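Please look over the sequence and the 3D structure shown here before reading the notes that follow.

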Amino acid sequence: MIVPGTSSQSLAAALADELGEPLAAVEYDRFPDGETLAAVPSFDAERAVVVAATDSNDAWVELLQLQDAVREAGTSEVVTVIPYMGYARQDRAFEPGEPVSARAMARAISTGTDRVVLVNPHEESVADFFDVHVAVCDAAGCLAEPLPEGLSEPLFLSPDAGAVDLAEAARTAYGAGETDYFEKHRRSGTEVEITPSDTDAAGRDVVIVDDIVATGTTMSEAVAHLDADGAERVFAACVHPLLARNARTKLERAGIERIIGTDTLERDVSAVSVAPIVAAAVEAVEAT
Ligand code: R5P
């Protein structure tokens, strides 16, 4: 039975279709003091696949509650799908005294599950923080699907070297174009410095591919450079369309042609579902 968190209801329904399993009717409530309560009154299955993007503190608590609720209902196996893992970017203590938040969250989640499925965590090494088996899905290839056909001399670009594999996966799935990357230096949470590559973007359609668009600073800086270089259309493609604060405004003002994301976070730009690859990972995990 597929058990959705509040933030992943559409993805959970798509996953239920893919796996041919029923979708649980979860009840989400909030007490007067602000505490949340997620319950699964009708749960009755051997296996629970809990699907919850953790894009807020409440979502993390809700996920722990759902894991506990299905155990309490007597399920013998819990698979936890975290399509977007919040706090994954704090995967080390950057300054003395800071926590490794990703590790703290992973340990908490591990206590309530037999297995975990992640989609493009910020770094793949985040999987090592869990105490249970973790399958990591790469959804970058899915980003090619919503792109228009016949892009002009397409250039798939990542904003930094670390994301070039995502750009390459999207290019491969699109079936045409070149791949390159910019260099990025982050000055603060909302300030980045981008150094363009040598590839000539003039007159070309460019797809910037990244794992996440958070504040939109990285993408809008990259668009500004491409615009100055005379790029034709610029598409912003990301696995996780977090779109925090004024990210949309920044991207619109930068002149982006279109933002494309997956449904790891359910936004109006979520043009493609990761359900098929997550379903495959759940089934593969089952086979291990
Ligand atoms: C950073 O390493 C990530 O890959 C993204 O580039 C970053 O999280 C995007 O953040 P923002 O949209 O706030 O620039």
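In this predicted model, an oxygen atom of the ligand is 2.5 Å from an N or O atom in the side chain of Asp-210. Asp-210 is one of the 13 residues around the ligand, and together with Lys-184, Asp-211, Thr-215 and Thr-218 it belongs to those that come nearest.

**Around the ligand**

- Thr-218 also uses its side chain, in which a polar atom lies 2.5 Å from an oxygen atom of the ligand.

**Strand 14 and its partners**

- Strand 14 spans residues 258–262 and is mostly covered, with four of its five residues buried.
- Strand 13, made up of residues 234–240, runs parallel to strand 14 and is joined to it by three bridges, and within this pairing Ala-236 stands opposite Ile-259 of strand 14.
- Strand 15, which covers residues 270–272, is likewise parallel to strand 14, to which two bridges join it, and here Gly-261 stands opposite Ser-270 of strand 15.

**The link through a helix**

- Strand 13 and strand 14 form a β-α-β unit with helix 6, which consists of residues 247–254, and this unit is right-handed.

Terms used
Residues are numbered from 1 along each chain as its sequence is written. This is a predicted model: local features need pLDDT of at least 70, side-chain atom pairs count only at pLDDT 80 or more; totals for chains, interfaces and linings use all residues. Side-chain values use heavy atoms; hydrogens and water are left out. Buried means under 20% relative accessible area, exposed over 50%, partly exposed in between (1.4 Å probe, protein chains only). Two strands pair if DSSP finds at least two bridges between them. A crossover is right-handed if, with the strands pointing away from the viewer, the path from the first strand over the helix to the second runs clockwise. A residue is near a molecule or strand if one of its heavy atoms lies within 4 Å of it. A polar contact is a pair of N or O atoms within 3.5 Å; within protein, one must be able to donate a hydrogen and the other to accept it, and residues adjacent in sequence count only if both atoms are side-chain atoms.
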